[in-house]
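Q: I am new to reading protein models. Could you take me through one, feature by feature?

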Amino acid sequence: MSGKQQYDDESVIAAAIAVFWRNGYASSAISDLTEATGLSRSSLYQRFRDKDGLFQEALVAYTEQIVAVMRSVKGETARGRLEALLREFRPDPSSRPPGCLIARSCVEISALSVEGRRLALEGAERQRGVLESMFREAQSAGQLPADTDVAALAWHYLGALYAVLNLPQAGIGPEMLDRMIEIAMSHWPGSSRG
């Protein structure tokens, strides 16, 4: 039938996420995207306007996925939940590639459109917001000192999360990632450092 969409949006966006996640925005060619998504160039342009339009939808979907995973991690205490979160995101080649599409997009922010930049920064802010919310709850429950700068602590641990996600691309193995997580957790306010 003429004019009827012949593809599944969700599958197309998932395929585009994988391309942008692996290659970054600037290095993802239209040919990479058409091959991965199964769309013709004309279908891609008709539905998403251009590479940037597809990237924006992919980044929004990725952000929703990663924020949902961050929120779903459980722990008996806020400290335990944070450690579980850092361990949850250790790269597992069988389920996801190393790296973070949000962090990668922030690194190449100068290559993004104005809207792409906004979405990348918003994604990072949403990730940080999950951590800050967790820390504010911990503070209210007496699991963090009342004078803890939870905003700075959230940025600190978002940096640790980005290191866990991205450093495997530089050859950091699982044992070193575990050690990095142990060191990150030793900076939990009130922890004794030895």
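Q: Among contacts between residues at least 6 apart in sequence, what share joins residues at least 24 apart?
A: First, contact means heavy atoms within 4.5 Å. In this chain, 64% of those contacts join residues at least 24 apart. Keep in mind that this is a predicted model, where local features need pLDDT of at least 70, side-chain atom pairs count only at pLDDT 80 or more, and totals for chains, interfaces and linings use all residues. Residues are numbered from 1 along each chain as its sequence is written, and side-chain values use heavy atoms, with hydrogens and water left out.

Q: How many helices and strands does the chain have?
A: Helices (H or I, at least four residues) and strands (E, at least two) are DSSP runs, numbered from the N terminus. Here there are nine helices and zero strands. From the N terminus on, the order is α-α-α-α-α-α-α-α-α. The C-alpha trace spans about 65 × 35 × 30 Å along its principal axes.

Q: What percentage of the residues is buried?
A: Buried means under 20% relative accessible area, exposed means over 50%, and partly exposed lies in between (1.4 Å probe, protein chains only). Of the 194 residues in the chain, 40% are buried.

Q: Is Arg128 buried or exposed?
A: Arg128 has 9% relative accessibility, so it counts as buried. Its place is in helix α7 (residues 114–140). Set aside neighbours within four places in sequence, and Arg128 is in contact with Ala151, Ala154, Trp155 and Leu158.

Q: Which class does His156 fall into, and why?
A: His156 is partly exposed, because its relative accessibility is 39%. This residue sits in helix α8. Between the C-alpha atoms of His156 and Ala14 there are 30 Å, and the two are 142 residues apart along the chain.

Q: At what angle do α8 and α9 pack?
A: Axes are lines fitted to C-alpha atoms, for helices over the stretch in contact, and angles run from 0 to 180 degrees between N-to-C directions. Helix α8 (residues 150–166) and helix α9 (residues 174–185) pack at about 175 degrees, and their axes are 10 Å apart. So α8 is roughly antiparallel to α9. Angles over 145 degrees count as roughly antiparallel, under 35 as roughly parallel, 65 to 115 as roughly perpendicular, and the rest as oblique.

Q: Which residues make that contact?
A: From α8 come Tyr157, Ala160, Ala163 and Val164, and from α9 come Leu177, Met180, Ile181, Ala184 and Met185. By class, they are nine nonpolar, no polar and no charged. Ala, Val, Leu, Ile, Met, Phe, Trp, Tyr, Cys and Pro count as nonpolar, Asp, Glu, Lys and Arg as charged, and the others, Gly among them, as polar.

Q: What does Ala160 touch, not counting residues up to four places away in sequence?
A: Ala160 touches Leu86 and Ala184. Ala160 is buried, with a relative accessible area of 16%.

Q: Where is Arg49, and what is its phi?
A: Arg49 lies in the loop between α3 (41–48) and α4. Its phi is positive, about 80 degrees, although Arg49 is not a glycine.
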